[in-house]
Amino acid sequence: MPTAIEIFKLLPKKNCGECDYPTCLAFAMQLANQKVKVEACPHISEQAKASLAVSASAPIRLLRIGVGESRVEIGDETEIYRHEKKFFHQTCYAVVLSDTLSTQERREGLERVNGLRFERIGQIMKMDMIGIRNDSGNLEKFATAVEEVSSSTDLPMVLFASDPQMMRAAVARVAGRSPLLHAATAANHNAMAMVAKETKCPLVVREDRGLDMLADLVQKVKAIGVEDIVLDFGPRSLKDLLENSTIVRKVAVKKTFRGLGFPIMVNAGAGERAILMAMISTMKYGGIVAFDEIDPAEALPLFVLRQSIYTDPQVPIQVKPDLYPINNPDERSPVVFTTNFSLTYFTVMGDIEKSKMPAWLQVVDTEGLSVMTAYAAGKLTPDTVAKALESSGAKDKSKRGDIIIPGMVSRMSAKLQEITGLKVIVGPKESSALPKFMKNL
Ligand code: SF4
């Protein structure tokens with residue numbers, strides 16, 4: 001969105017008040033904050049309206065691939081650096097299956113993809129898309145493979161074929177799934193763009209001879225009437241990937257060139273180099289990374305990296321403040337407390353689980369801050385802990401009459417004992433020492 005001053009320059013400057021604001025500048029400020037519509041000014045010229053519409057549009061087009069709950073969204077990013085605000089739509093990972101595989105092999109491939117699923121700090125991390133590639137050169141084989149995969153998964157699909165006729169036949173078998181088509185190239189762009197236009201499917205535009213030529217090809221595809229575009233610049237090296245991804249994001253976000261304002265797709269292949277490419281693409285602006293193969297040991301660190309990059313830096317991940325039972329506790333089991341910062345909660349919970357000792361874990365609402373940060377910010381106090389114990393009914397669940405507190409906040413012992421009437425036991429400073437501590441309790 002342009003700034004208030006940039007908008008003001010385009011307004012008629014009559015200060016007539018017909019927009020319900022006393023001056024054009026006041027109206028411009030409201031418009032910049034997206035609190036009013038430009039149509040509220042009856043005097044603005046059509047030309048000014050058009051330029052405001054262009055500068056207010058997202059620098060990188062939002063694309064939706066697939067349908068239903070597993071539909072993915074890519075693009076619509078506004079920042080170059082995550083700390084400036086946040087990145088909105090995480091990089092999607094796809095695994096591509098060949099149409100030369102047998103039905104049984106494809107089924108096993110799909111099972112492996114479904115198996116790439118992990119839970120970390122309360123969030124599910126998994127593969128987002130499935131690809132089918134035409135390696136056979138046979139129309140019927142490709143269309144059948146696409147149909148088979150489509151009937152076995154609701155993951156959004158990417159169809160890889162260089163022959164527009166084969167692509168058309170395959171899309172016809174999965175009508176309504178809105179797959180991503182890969183790809184329009186210099187050799188086939190007219191016919192491939194027609195397939196995308198007629199089937200209303202998003203289209204990858206691929207050109208590996210440089211970004212200038214890619215921008216030209218994008219223009220040609222747009223001229224045919226395709227707007228939902230994904231860029232594939234076929235990086236030849238890791239340096240090439242980093243450099244071109246950065247250029248595409250910068251020119252789009254800074255709006256110095258609108259022709260490349262689309263999400264980026266990378267075909268990473270398999271092996272160590274594929275993981276390196278995926279890491280770069282995850283950190284630097286990738287919309288989709290497609291693998292030929294990836295095993296769980298490679299996928300997990302990649303998922304963790306993605307989770308870190310696409311977490312809002314201003315909003316810590318939190319769990320619900322409550323009393324959580326661990327290892328089937330009863331009224332003889334102790335109460336331990338921690339904060340509702342997800343990472344802290346899951347670490348403490350895991351360490352108590354490891355001890356195999358039953359316990360009640362009281363999670364105190366600290367607005368997602370960790371123990372020391374919350375204590376320093378005055379959000380973890382004897383009063384907040386007492387209130388949390390009160391509202392969860394912890395004293396009824398555990399009749400031991402004591403509470404284990406993190407060693408980092410031992411200073412609150414006396415006051416907490418006074419307010420709650422519970423005997424305070426100071427636990428270890430580090431959660432990793434909890435298993436031993438709990439066993440010795
Ligand atoms: Fe300015 Fe238009 Fe508002 Fe009049 S209606 S004050 S010209 S912005």
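This is a predicted model: local features need pLDDT of at least 70, side-chain atom pairs count only at pLDDT 80 or more; totals for chains, interfaces and linings use all residues.
## Overall chain

The chain has 441 residues, of which 49% are buried. Its C-alpha trace spans about 75 × 70 × 40 Å along the principal axes. The secondary structure consists of 17 helices and 17 strands.

Contacts between residues at least 6 apart in sequence were also examined: 64% of them join residues at least 24 apart.

## Domains

The domain assignment divides the chain into domain 1 (4-56), domain 2 (63-309) and domain 3 (323-440). The centres of domain 2 and domain 3, taken over C-alpha atoms, are separated by 45 Å.

## Helices α10 and α11

Helix α10 covers residues 272-283 and helix α11 covers residues 296-309. Their axes come within 10 Å and cross at roughly 10 degrees. Angles under 35 degrees count as roughly parallel, so α10 is roughly parallel to α11.

On the α10 side, the contact is made by Ile275, Ala278, Met279, Thr282 and Met283. The α11 side contributes Glu298, Leu302, Leu305, Arg306 and Ile309. By class, the contact of α10 with α11 comprises seven nonpolar residues, one polar residue and two charged residues.

## Ligand shell

Which residues surround the ligand? They are Pro12, Lys14, Asn15, Cys16, Gly17, Glu18, Cys19, Cys24, Phe27, Cys41 and Pro42.

Sorted by class, the shell around the ligand contains seven nonpolar, two polar and two charged residues.

How values were computed. Residues are numbered from 1 along each chain as its sequence is written. Side-chain values use heavy atoms; hydrogens and water are left out. A residue is near a molecule or strand if one of its heavy atoms lies within 4 Å of it. Ala, Val, Leu, Ile, Met, Phe, Trp, Tyr, Cys and Pro count as nonpolar, Asp, Glu, Lys and Arg as charged, and the others, Gly among them, as polar. Domain bounds come from an automatic or database domain assignment. Axes are lines fitted to C-alpha atoms, for helices over the stretch in contact, and angles run from 0 to 180 degrees between N-to-C directions. Helices (H or I, at least four residues) and strands (E, at least two) are DSSP runs, numbered from the N terminus. Angles under 35 degrees count as roughly parallel, over 145 as roughly antiparallel, 65 to 115 as roughly perpendicular and the rest as oblique. Contact means heavy atoms within 4.5 Å. Buried means under 20% relative accessible area, exposed over 50%, partly exposed in between (1.4 Å probe, protein chains only).
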